[in-house]
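Please keep the sequence and the coordinates at hand while reading.

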Amino acid sequence: MNERVKILRKVLDLTQDEFSSKIGLSRNFIAQVETGAKNPSDRTVSDICREFKVNELWLRAGDGDMFQELPPEDETAAAISNVLEDIKCDNSIYTLVKELLLKYERLDPRSKKVIEGYADDVIRGYLEKREEP
């Protein structure tokens, strides 16, 4: 399991300090886990799986996919959570984005497709402008 903790951390592109702080442990403890000097407790394994959406069977035994399969509604919730976490420092933008995302979630599938198409066009246009000299 120790090597898989290191693999996971590297896949997530986190330093030992960043990884450990997200699960409330010291960098030194994670370093010891990665080298095999210590084994994580069941609680630590549970915390890693919860925080990073890791498949516990993969973490413990190397079986299955590294990450948990999320149903579409959970993927949406995770994406919303990540966006909101990034902008919490500006309360007015936070409130605006939160309301927009909540309204989007209430739309029927056809309306969502229209908005997704529009968003794709906006992103494509933005990227094309960035590439122009």
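## Fold and basis of the model

Helices (H or I, at least four residues) and strands (E, at least two) are taken here as DSSP runs, numbered from the N terminus. On that basis the elements of the protein chain, read from the N terminus on, run α-α-α-α-α-α-α-α, which comes to 8 helices and 0 strands.

This is a predicted model, in which local features need pLDDT of at least 70 and side-chain atom pairs count only at pLDDT 80 or more, while totals for chains, interfaces and linings use all residues. Residues are numbered from 1 along each chain as its sequence is written, and side-chain values use heavy atoms, with hydrogens and water left out.

## Confidence

The predictor's confidence in each residue is given as pLDDT, on a scale from 0 to 100. The protein chain has a mean pLDDT of 86, with 87% of its residues at 70 or more. Confidence is lowest in helix H6 (residues 72-87), where the mean is 68, and highest in H3, where it is 97.

## Surface and contacts of the chain

Accessible areas come from the Shrake-Rupley method with a 1.4 Å probe, and for residues only the protein chains shown count as cover. The accessible surface of the protein chain is about 9,600 Å², and carbon and sulfur atoms account for 52% of that surface. Of the 133 residues in the chain, 23% are buried, where buried means under 20% relative accessible area, exposed over 50%, and partly exposed in between.

A contact means heavy atoms within 4.5 Å. Among the contacts in the protein chain with a separation of 6 or more, 39% are between residues 24 or more positions apart.

## The largest nonpolar core

A nonpolar core is a set of buried Ala, Val, Leu, Ile, Met, Phe, Trp, Tyr and Cys residues joined through side-chain atoms within 4.5 Å. The largest one has 16 residues, and those with the most contacts inside it are Leu-8, Phe-19, Ile-48, Phe-52, Val-54 and Leu-59. At least two residues of this core come from each of helix H1 (2-11), helix H3 (27-35), helix H4 (42-52) and helix H5 (56-61), with H4 giving the most, at 4 residues.

Leu-8, leaving aside its neighbours within four places in sequence, is in contact with Phe-19, Ile-48, Val-54, Trp-58, Met-66 and Phe-67.

The structure holds 8 salt bridges, each defined as a side-chain nitrogen of Lys or Arg within 4 Å of a carboxyl oxygen of Asp or Glu. Arg-43, Asp-47, Arg-50 and Glu-51 are linked in a network of such bridges. Asp-47 pairs with Arg-43, with the closest N and O atoms 3.6 Å apart, and with Arg-50, where the corresponding distance is 3.1 Å. Both pairs lie in helix H4 about one turn apart, Asp-47 and Arg-43 being separated by 4 residues and Arg-50 and Asp-47 by 3. Glu-51 also forms a salt bridge with Arg-50, at 3.9 Å between the closest N and O atoms.

## Lys-112

Lys-112 is found in helix H8 (residues 109-131) and is buried, its relative accessible area being 18%. Not counting residues up to four places away in sequence, Lys-112 touches Tyr-104, Glu-105 and Leu-107.

Key: Buried means under 20% relative accessible area, exposed over 50%, partly exposed in between (1.4 Å probe, protein chains only).
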